[in-house]
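Please look over the chain shown below.

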Amino acid sequence: MGMTDVLIVGAGPTGLVLACDLARRGVAVRIVDRSPAPPRTSRAKGPNPRSLEILDDLGVAEEVLAAGSAPLPMLKYRDRRPVAEADPWADSAPSPDARYDRGWLIAQWRLEGILRDRLAGYGVRVEPGREVVGLAQGRDGGDGGHVDVTYADGQAGRARYVVGCDGAHSSVRKLLGITFEGTTAEDQVMVCGDVDLADGVLDRTRWHQWFDEDGAVMLCPIPGTRTGWWFQAGPERDGRGRPLAPTADGFRRLLAHHTALPGRDLTRAELLSTYRVNVRMADRFRAGRVLLAGDAAHVHAIAGGLGMNTGIQDAFNLGWKLGLVLAGHADAELLDTYEEERLPVAARTLDLASERLRATLEAIRRPGGGLDAAITPDTTGLGAGYRWSSLAAGDRAPQAERPGPHAGDRAPDAPCADAATGVRTRLHRVFAGPRTTVLGFGPGSAAVLRETADTYGGDAGVRVCRVYAAHEDRAGAEPGAVVDDAGHASAAYGTGTSGDTGAGTVVVVRPDHHVGVLAPADDARSVREYLRRLHGTGRSAERSPGMVDAVR
């Protein structure tokens with residue numbers, strides 16, 4: 001029975017993002033799913049700006065953007081007549097520190113297909129029709145521990161770690177006996193499905209929303225299809241007010257009742273489901289060598305579109321930590337920071353989604369109200385950080401003392417130029433790929449960058465990048481250095497024009513684009529201690545003199 005490093009249970013967006021991140025680190029990963037074939041689901045409508053940054057890091061953002069569409073303006077109706085139009089993104093634009101200012105519409109099955117293709121490029125394929133029915137954590141002499149896995153077909157496997165990404169009804173969570181506390185609102189019900197409408201009966205450049213006193217119908221065009229639409233509606237009810245199960249004919253009756261379209265214009269309906277507002281969270285995200293991510297760990301109201309996105313962001317937080325522990329660079333305690341960082345984010349997301357749902361239900365009682373009430377700056381995901389984390393301990397400056405991010409915050413992007421070639425790039429491109437990045441601002445940072453390159457040369461997963469101000473002399477710039485020619489990087493990181501004084505700032509950026517340390521350049525100790533915690537003592541002793549890869 002062969003041992004794999006990580007077994008991922010569940011091949012939705014959360015599991016696939018985690019598998020891609022681990023596979024590119026050279027981790028031996030398997031991903032199984034109980035479905036016999038990839039499900040054609042459209043539940044999530046697409047990634048938010050923070051998830052787009054993660055997909056960009058994984059190298060698939062361009063494909064996702066090409067396969068989907070920008071979010072559409074919302075046309076709202078009352079009594080079958082249009083009464084208002086809203087474009088929640090009309091006033092937003094990309095900024096130097098955030099390339100993506102809005103989410104993107106793409107069918108979940110299409111996004112999963114793109115991620116499966118990327119994963120196949122690493123030689124890993126989803127194993128369908130494999131349901132996990134048993135987990136037993138054991139210890140063995142060699143590496144200290146493993147998990148024995150039993151499948152429904154009687155086969156067995158063994159992994160160093162198991163991650164349950166298997167959704168709200170997670171088998172992994174149930175096998176661990178982890179409670180899933182919360183509430184299900186039986187009365188807050190929506191019926192959903194993918195439908196085809198007769199060609200040309202509705203404008204496909206709008207998300208149409210009919211909100212009446214006695215119910216609602218919402219129709220959003222599915223990108224990449226000619227006649228496909230996402231259908232969401234209040235359910236039909238029986239004589240006692242109980243919601244009826246969704247059917248194609250029921251959808252036709254709802255369409256005819258709320259809109260000016262005849263029911264026969266709805267030519268096909270599939271993937272029918274009933275959605276109940278479920279707000280639940282696991283009381284812990286880790287039990288020994290088994291971890292939970294995505295809906296297996298938390299579910300919440302659909303408002304704001306945060307479900308899939310929170311899962312993708314869970315995966316991006318966990319992947320690099322598993323990678324460093326499995327490579328022997330970091331202690332297994334690093335995995336404790338996954339729950340420490342993500343559980344409070346999940347709890348806050350539950351509250352945020354419930355609040356957005358309340359705001360939306362309130363808005364649609366008035367003519368002209370609609371789903372735009374669910375969208376706020378909070379729903380972009382760009383503001384989520386981990387200032388409370390033990391991995392943010394390097395931040396000793398009082399909050400108000402300086403501009404720029406604090407330890408734990410998302411590391412801002414900024415346009416810049418390659419110092420050697422002048423080719424345009426961005427800081428998030430510098431960060432891309434599974435490594436920790438040490439940025440140096442100002443001449444004073446040169447010594448720390450040199451020490452870091454010497455200690456972690458070669459393949460230890462740390463790279464250094466000197467950020468030159470426009471006026472600095474760049475003769476002899478190291479490979480990989482960049483020029484902050486418009487000053488956006490120093491503005492984003494609050495480093496000022498440190499090039500004048502010879503002082504400087506050093507920023508350690510974790511592989512998931514969060515700031516680990518932001519310190520004066522003469523505080524080499526903070527940088528040294530932080531890198532040692534993540535990457536061990538480095539390879540300075542083993543380095544061959546020919547290694548120049550450290551600063552790529």
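**Charge, fold and one loop**

The chain carries 66 positive and 72 negative side chains, and the centres of these two sets are 3 Å apart. Lys and Arg count as positive and Asp and Glu as negative, with His and the chain ends not counted; each charge is placed at NZ of Lys, CZ of Arg, CG of Asp or CD of Glu.

This is a predicted model, in which local features need pLDDT of at least 70 and side-chain atom pairs count only at pLDDT 80 or more, while totals for chains, interfaces and linings use all residues. Residues are numbered from 1 along each chain as its sequence is written, and side-chain values use heavy atoms, leaving out hydrogens and water.

Twelve helices and 22 strands make up the secondary structure of the chain (DSSP runs, H or I of at least four residues for helices and E of at least two for strands, numbered from the N terminus). The C-alpha trace spans about 80 × 60 × 40 Å along its principal axes.

Of the 552 residues in the chain, 56% are buried (under 20% relative accessible area; exposed is over 50% and partly exposed in between, with a 1.4 Å probe and protein chains only). Among contacts (heavy atoms within 4.5 Å) between residues at least 6 apart in sequence, 70% join residues at least 24 apart.

The loop between β3 (74–78) and β4 (81–86) holds Asp-79. Asp-79 is not a glycine, yet has a positive phi of about 50°. Arg-80 is in the loop between β3 and β4 and has a positive phi of about 75°, although it is not a glycine either. Arg-80 counts as partly exposed because its relative accessibility is 41%.
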